[in-house]
Every structure is written in structure tokens, then in C-alpha cells.
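Work through the exercises below with the model open. Each task is followed by a solution in steps.

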Amino acid sequence: MNLATFLVLAALAAAAGLAVRSIRKKKKSGGCSGCCGSCRGCH
Amino acid sequence: MGIQIALAGNPNCGKTTLFNALTGSSQHVGNWPGVTVEKKEGRLRGHADVTVQDLPGVYSLSPYTLEEVVARDYLVGEKPDAILNIVDASNLERNLYLTTQLLELGVPVVVALNMMDVVRKQGGVIDVAGLSRALGCPVVEISALRGEHCVQAAEEAIRAAQAGQAAKPQRFDDALEDTLGQIEALVSPCCPPAQARWYAVKYFERDSRAKLDGLTDAVQAKIEAVIVSAEDAADDDAESLVTNARYVRAAVLARAAGRPAGQHRLTVSDRIDRIVTSRVFGFPIFAAIMFLVYYISISTVGTMMTDWVNDVLFGELIPPAVEGFLVSVGCADWLQSLVLDGVIGGVGAVLGFLPQMMVLFLLLAFLEDCGYMVRIAFLMDRLFRRFGLSGKSFIPMLIGMGCGVPGIMATRTIENERDRRMTAITTTFIPCGAKLPIIALIAGALFDGAWWVSPSAYFVGVAAIICTGIILKKTALFAGDPAPFVMELPPYHLPTVKSLLIHMWERAAAFVKKAGTVIFLACAAIWFLQSFNFRLEMVNAGESMLAAIGGVLAPVFAPLGWGDWRAAVAALTGLVAKENVVGTFGVLFGFAEVAEDGAEFWGTMAQVFTAASAYSYLIFNLLCAPCFAAIGAVRRELGGKWTLIAVGYQCLFAYAVALCIYQYGTFAVTRAFTPGLAAALVVTAAFVWLLVRPAKRPERKLQRAAAAE
């Protein structure tokens, strides 16, 4: 594996890690991602 | 020690406007524990030790709706130091009904008379001082919208809290007062003196949620005897006696306080509603509006921008630039494939539809903010009632147009358990935001942007809800009369451009965020599965793990016209997030490779689908089980068993409808009688029978009883 491959892979892994963290944070907040645009649904 | 002031009042009386004026940016928004009812509290400006609690808008404190239960539990259990009761002066009698109940709680009450400008405009006059004397509590005129006298009302509430003088309850007729007095004497040893009247009324109403510890069986029996005696004397049930007495008292108070305006003039909203909610024009107008919304956003305005995003941004700009960079730095071929084919191919395919979705979000935000959306629930009530549901069931579906998760959670407001279950099962038939890329993809790729495809997706959803309502209401599990539905129609108003753009931006940002998280991870996983076999050797897609998995699934969907493993896998990935269907197509059909000319991508897809199978695919994905997040919401609301029933029903229903669409559509072209067509005919016959068969008991029992007489 050359350096470029390693760096691109590391960047993708970091992006994946951030994505997982974001999804877990959303689950903890009750699943709200704001995408319904209708806060009346929850309150 | 701090002071707690509770804001209580009818919905749309200006409570939240007043709350915002009093607390400004210091508010904290959350949910009441265990329920999806908003809890807002904030510090009163200029008074660090005063907390203002905004309670849900309620018409009474009876324990029928979640909002009423939450408001009452707070007022009785947590006992604020004062209640600021916001009363809409233009609807005095209706608002004073709640006031009569608040005055019984044993808490100091101050009445804030809001919307006095509306009353004056209508030519009315209210004797504020007289009303204050009659109620036995301070009354302050305010205009929450203009911020007039709001601070004075709050300060009056603070003074009332500091004085600690409980409000005096209103007196009813002598007979009822005598009865309540007897019950009060029986309950007073077990409750605070200030709340004796409240508990007396609740016990008289046989309110099961108002229970006092320490009340012996003997005392309860005495109370019951008093109630029965009163009911016999009045020839009416206890709860009705109190309700009538309150209405009489509210009417007397309103008449004494106000000179009604001259002839009530119709407002602009009333005039619009005469047409928009009329029996003749209501539905055609609704159908035309929803048709236009979907047509404009997906077939015309949105398509122009989507074509640019697909052809230019994800065609000529991003993929060549990224590929050039990766090649120049010597990145490994497999990693290039992951980035280009997997990530950019998948996520790019989904993001390509963002412009269409933004236009749709904008139009839906306009309909919601202007006040038309709630009228749809009113219109639907008339239709739903014929099939055993009520318009209250349509409100979660309206919310579900954004996202199914809050739509399903909103079913908590439906008191009737059967209707709640049925609504939770059918809410996701309405296309949510995540399904829009699927609609746009099929409409654009396989129907060349035909005008009818995207609006039909919405109306098929509505038809599915109605048919499901008819079918399920005829079963013993769901049979029963629809619940009554009362709702307040807020006045129409022109939304501001700023609020529309904010709504559109919030939803678009959430969509992009979802693309960058869930879709990104799913597409990477799809790329991996379609690039490697079970020995982890890099292979063609047709020899990959995904093809093997898809090969098992594909025959199941062959009767629906899309037995290709890629279509089957895409439908399966839709369980993670519905946008994944498009993302998976992007990966499996090589969106990044061919996206220099978006037409090539569509051409590749068109080889797999005919018109009939494409529409069948669309409808299947719209009606089948929703995403995992929505399934999780169903499980939280209905429990495991009903979740399985819901998912099973949705998949079966979607399969049956998609089968019929494909088989009849193909027959229309080929005129060939096939086993698939025979199956479709059997399914149709069964469907029709389920729709038209007689209803189960109790209706049948009543009919037999009537016939016997």
C-alpha cells in the first residue's frame, strides 16, 4: 500500500467515523434529524 | 426561592406569542417526559428568579387528550405559584370554560385578555373591571402580538404569586353546589384545603385519574351515593351536569362582560374556507393543489436544476476532478473504485435530486405556513369517516409527508387504540421526504419526466390508506365507530419569504446530512459487497457477494416485473433509508462512470425496466415496509407484536398492488394471458371481496336486532 492510498483510506475512514458518530448522536436525541421540517410532529 | 408562573389557555389564544415576548431567547424547549407534547420554560426577562412555563393549549382540564393530561398533571402535581390564563377576548365564552376550571385549582390566577384589538375592530366592548369582579381575580388587557402590556400581566401574576391568595372557584347552581359541598366535606381531610373544591368536582365527575390517597372505601361509597342521588334528581350523568354548569357560567360571564359586536363579519379566512373546505370544491381543489406541488417540483422546475446537478456537477466536474487527483497521486485502483463508483456514484445519485426536493420542501412549507395543510385534515375527515377513520388520523400522515418517524409518533394524540394502530400502520403510505428521490428517479429515468407519475405517487398513497381503512375496519380487531374530531382552523396568513426559506433550508440541510452519513456508509457497504466475492477477491458485479444475495431475492420479485438482482437489492437497502434505493442504483448501475451524460445512466436503467415494471417498482417501494427508523418508531408506539403485523401487512399490500400493476400493464401491451396475470386476477378478486364484504360485529348485531324488531 503506498502513501497516497493510505492517506485516502484514512480520510475515508475518518469520514465514516464521523458519519457513525453523527448517526449515534441522532439516535440518542430521539431520532430527530430535522428532516421532516415539521416540529409539530414531536411537539 | 424562585417563582413559577404557568401560562394556560386554549390553543391559538396567543400563549406562545406571550411566552416568547416574556422570555425572549432564554427559553428551553423539550418534551414532557414520556409524551410528545412540547414543554417550554424560560426565565422571565428582568426577573432571574421567575420561571415561566408554557403549557400545551387545552380547551379544558378533562383527561381525554395528552395535552390536557399533561397540563393538568403539572397544575395539580407541581402547583405553580400563579397561573396566567390567556383568554382570547374575541372568543370569550369558549375561553372562559377553561378559566372556570383553573379557578378551582387553589392557585392564584390572573387573566390576560388577549386580542382586544380584534374585539374593537369587530365593534365589541368588554367590561374588564366587571369581568375581574365576576371572576374574582385580576384581569389585564394585553396584545401579545404587539407586545402591549405583556410585562404588566406578568408582574400582576408575580404579585398574585407573592400574595399567595388562591383564586375563588365560580359558583354553579344551588343543587350542584350543594352536592359538591357534600363531597368536599368528605374529601377535604385527604387533600390540601385549597384543592378541596378541585377534588370534589373531580370525584363528582368520576375522574379516574384524580385519586386521593387515604380515602377509605367507606368514604368512597358515600361519595358515590351522593353522586347517584344528584344524577337521579337531575336525570343526567354527573359529568354532563358539571359540563353544562360550566358552560352556563361561562355564558353568563361573557354576556355580563361584553357587548357583542354587531353582525359578525366574515373574515378573509372564512371566505376562503367557504370555497376551499366546501363539499363541492374542497376535494377538487385539494387534488389540484397536490398535483401542482408534485408536478412543479419533480417534473418541471426541479428537473431543470437536477439535470444540471447530475450532468454537470456530478458528470463533468466532480468525478473527472476526483479521478484525476487520485490517479495523479498514485492511489490504488480498488480505492479509486470505492471513491468514484461507491461513494460518488451512490451519494451523487441521491444528491442529484436535491434541487427537486428543495422545490418540493418550499412548496410544502408554503402550504403548511399559510394554514392550508390543516384544512386537508378537515377535508379528509369527511372522507375518512365513511371508512371508519377520522380526520385526526390524517394529521400524523400530514406530518409523515416530511418524515415517517414523527408522523408515527404523532399517533399518540389519537385516544382510540384501534384507530391509533391503524394510523400507525398506514401513515407511511404517504410518500415521505426520503421516498422523493425514488419518485424523481423513476419519473425522470423511466417515464421521461411524464407529468402524471410524481403526483400519482401521492394519490396512490392516499388510496392505499383509504383501502386499508376499509379492509381493516371490517375485521374484529379494528371494527368500531370513528372517534369524534374537533379542530380549530387557524386563520390564513401569507408566510414570510424568510420563514419559507428557513424551512426549506433546514430540511435540505438534513437531507444533505443524511446523504453524508447514512447514505455514504450504505453506499460504501454496497460497493464492497458488489466488488468482492465471498473469498474477498475483487470480481465483476455479477459474481459478487451482492449478486449472490440478490440472486436469492430476485425470484421473489420476478412476478412484479423486476426480477433483476440489482433492483431487488436496491429495494432491500431501502430498509436502511429509502434514499438508499437511489444510492444503490447509482452504485450498481455505474452512475459515476456514465454521468458525463446523465442520459446514459437512465439508458442503462431503462434496459432493466419496462414502463409497467418501473411503475410497479415505484409503488412497491412507496407502500412496503418503511425504513428501520420508522419501523423502530412503530415498535415504540405499538410494541413488537403489532410492529410485525404492521410490517407484514405493508409488505403484503405493496406486493399485491405492485403485482397487479405490472401484470395488467404488461397485458395491456402484450395481450398475452400468463400465470402472473392469473395470479393478479385472483389477488384483485380477493382485494375487491375484502373491500365490499359486509362489516363484522357490532354493526351486524345491530342490523340483526333492528331487523328482528
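This is a predicted model: local features need pLDDT of at least 70, side-chain atom pairs count only at pLDDT 80 or more; totals for chains, interfaces and linings use all residues.

Residues are numbered from 1 along each chain as its sequence is written, chains are lettered from A in the order in which they are written, and side-chain values use heavy atoms, with hydrogens and water left out.

**Exercise 1.** State which domains are assigned to chain B.

Solution. Step one: the bounds, which come from an automatic or database domain assignment, are domain 1 (3-163), domain 2 (174-257) and domain 3 (282-480 + 490-692). Step two: taken over C-alpha atoms, the centres of domain 2 and domain 3 of chain B are 54 Å apart.

**Exercise 2.** Determine how many residues of strand β6 (residues 109-114) of chain B are buried.

Solution. Step one: buried means under 20% relative accessible area, with a 1.4 Å probe and protein chains only; strands are DSSP runs of E of at least two residues, and helices runs of H or I of at least four, numbered from the N terminus. Step two: 6 of the 6 residues of β6(B) are buried, so the strand is largely enclosed by the rest of the structure. Step three: Val109(B), Val111(B) and Leu113(B) point one way, Val110(B), Ala112(B) and Asn114(B) the other. In a regular strand the side chains alternate between the two faces of the sheet. Step four: β5 (residues 82-88) of chain B runs parallel to β6(B) and is joined to it by 6 bridges (strands pair if DSSP finds at least two bridges between them). Ile86(B) has Ala112(B) as its bridge partner.

**Exercise 3.** Describe the burial of helices α19 (residues 436-446) and α28 (residues 628-638) of chain B.

Solution. Step one: in α19(B), 10 of the 11 residues are buried, among them Leu436(B), Pro437(B) and Ile438(B). Just after this helix, Asp448(B) has a positive phi of about 55°. Step two: the buried residues of α28(B) include Ala630(B), Ile631(B) and Glu637(B), and their cover includes α17 (404-409), α18 (417-426) and α29 of chain B. Just after α28(B), Gly639(B) has a positive phi of about 90°.

**Exercise 4.** Which element gives the most to the lining of the second largest pocket?

Solution. Step one: a pocket is an open set of points on a 1 Å grid over the protein atoms alone, where a 1.4 Å probe fits, with protein on both sides within 12 Å along at least five of seven lines; lining residues have an atom within 4 Å of a point. Step two: the lining has 13 residues, and Phe653(B), Ala656(B), Val657(B), Cys660(B) and Phe687(B) lie nearest the centre. Step three: α29(B) gives the most, with 5 residues.

Notes
Buried means under 20% relative accessible area, exposed over 50%, partly exposed in between (1.4 Å probe, protein chains only). Contact means heavy atoms within 4.5 Å.
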